[in-house]
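The following note was prepared for a colleague who wishes to read the structure alongside its sequence. Its points proceed from the whole chain to single residues.

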Amino acid sequence: MLTQALDVVISMFGALRDKIDEVLALDNIAKIRGLWIPYKGFRNPYLKQLSIAAIDSGFNYSEYRGYALYALNVVNVIVDSLGGEKIDGSVDIDIASCNNIENELSLLSMAMEIESMIKILNDADIILMDGSLIAIFSKLRRASLEDGHELLESKGINLSHILRELIYAVSIYPKKIVF
């Protein structure tokens with residue numbers, strides 16, 4: 001009887017572990033919700049209510065026999081003055097074969113973030129960008145002088161054009177775009 005019980009427990013181990021993890025997660029969520037204090041906001045009728053946008057990207061890849069399957073996404077969230085949210089983004093999933101996939105994906109995500117920023121310039125009063133302007137500028141500048149960005153070339157992305165768009169947007173809207 002004991003061996004049968006052990007067999008059942010071993011066969012159900014994954015399901016039992018999932019139930020325990022779920023209960024623990026629900027307990028933690030309940031504790032966090034109990035500690036959370038919602039922000040009511042400061043309402044001054046004489047101040048203009050701002051709409052704020054934030055842009056971020058992320059990527060991951062898996063290499064196999066000289067090729068890499070990658071997924072890259074860029075998302076922007078705009079919170080208007082009334083508290084409504086507008087979410088937009090783009091996803092790129094593909095297979096690539098290049099020497100330095102990490103660098104290529106980093107450049108591609110920067111280019112997609114800048115394109116997303118330019119698309120929403122008129123929709124928000126303040127745009128929050130992930131990363132440092134100096135780091136983005138120097139990486140794009142260095143990469144625009146190099147050859148051999150197969151992934152970017154296959155996507156039709158011209159780094160010099162992206163760099164010009166970044167400089168133009170930051171020079172026209174210096175107080176609107178925050179890095």
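**Note on the predicted model**

1. Burial and surface. Of the 179 residues in the protein, 26% are buried. The protein exposes about 12600 Å², of which carbon and sulfur atoms supply 59%.

2. Confidence. The model is predicted, with a mean pLDDT of 87 for the protein, and 88% of its residues reach 70 or more. Where pLDDT is low, the predicted coordinates should not be read in detail.

3. Composition and order. The protein contains six helices and five strands. Along the sequence these elements follow the pattern α-α-β-β-β-α-β-α-α-α-β. Among contacts between residues at least 6 apart in sequence, 66% join residues at least 24 apart.

4. Pairing around β4. Strand β1 (residues 52-64) pairs with β4 in the parallel sense over four bridges, and Ala-54 stands opposite Leu-128 in β4. β4 also pairs in the parallel sense with strand β5 (residues 177-178), over two bridges. In β5, Ile-177 is the bridge partner of Ile-127, and Val-178 is that of Leu-128.

5. The two faces of β4. Side chains alternate along strand β4 (residues 126-129).

6. The nonpolar core. The largest nonpolar core has 35 residues, and those with the most contacts inside it are Leu-108, Met-117, Ile-127 and Leu-140. Two or more residues each are given to this core by β1, β2 (67-79), α3, β4, α4 (133-145), α5 (150-154) and α6 (159-172). The largest share, nine residues, comes from α3.

7. Ile-127 in detail. Which residues does Ile-127 touch, not counting residues up to four places away in sequence? They are Ala-53, Ile-55, Met-117, Ile-120, Leu-121, Lys-176, Ile-177 and Val-178. Of these, Met-117 is, like Ile-127, among the residues with the most contacts inside the largest nonpolar core. Ile-177 is also the bridge partner of Ile-127 in β5.

8. Helix α3. This helix has 19 residues and reaches 27 Å from its first C-alpha to its last, close to the 27 Å expected at 1.5 Å a residue. α3 is mostly covered, with 14 of its 19 residues buried.

9. Ser-109. This residue is found in helix α3. Why does Ser-109 count as buried? Ser-109 counts as buried because its relative accessibility is 6%, and the cut-off for burial is under 20%. Not counting residues up to four places away in sequence, Ser-109 touches Ser-57, Phe-59, Leu-72 and Val-74.

How values were computed
Residues numbered from 1 in each chain as written. Predicted model: local features only at pLDDT ≥ 70, side-chain atom pairs only at ≥ 80, totals over all residues. Heavy atoms only, no water. Buried < 20%, exposed > 50% of the residue type's maximum accessible area, 1.4 Å probe, protein only. Contact = heavy atoms within 4.5 Å. Areas by Shrake-Rupley, 256 points an atom, 1.4 Å probe, with all protein chains shown as cover. Pairing = 2+ DSSP bridges. pLDDT = per-residue confidence, 0-100. Core = buried A, V, L, I, M, F, W, Y, C linked by side-chain atoms within 4.5 Å. Expected span 1.5 Å × (residues − 1).
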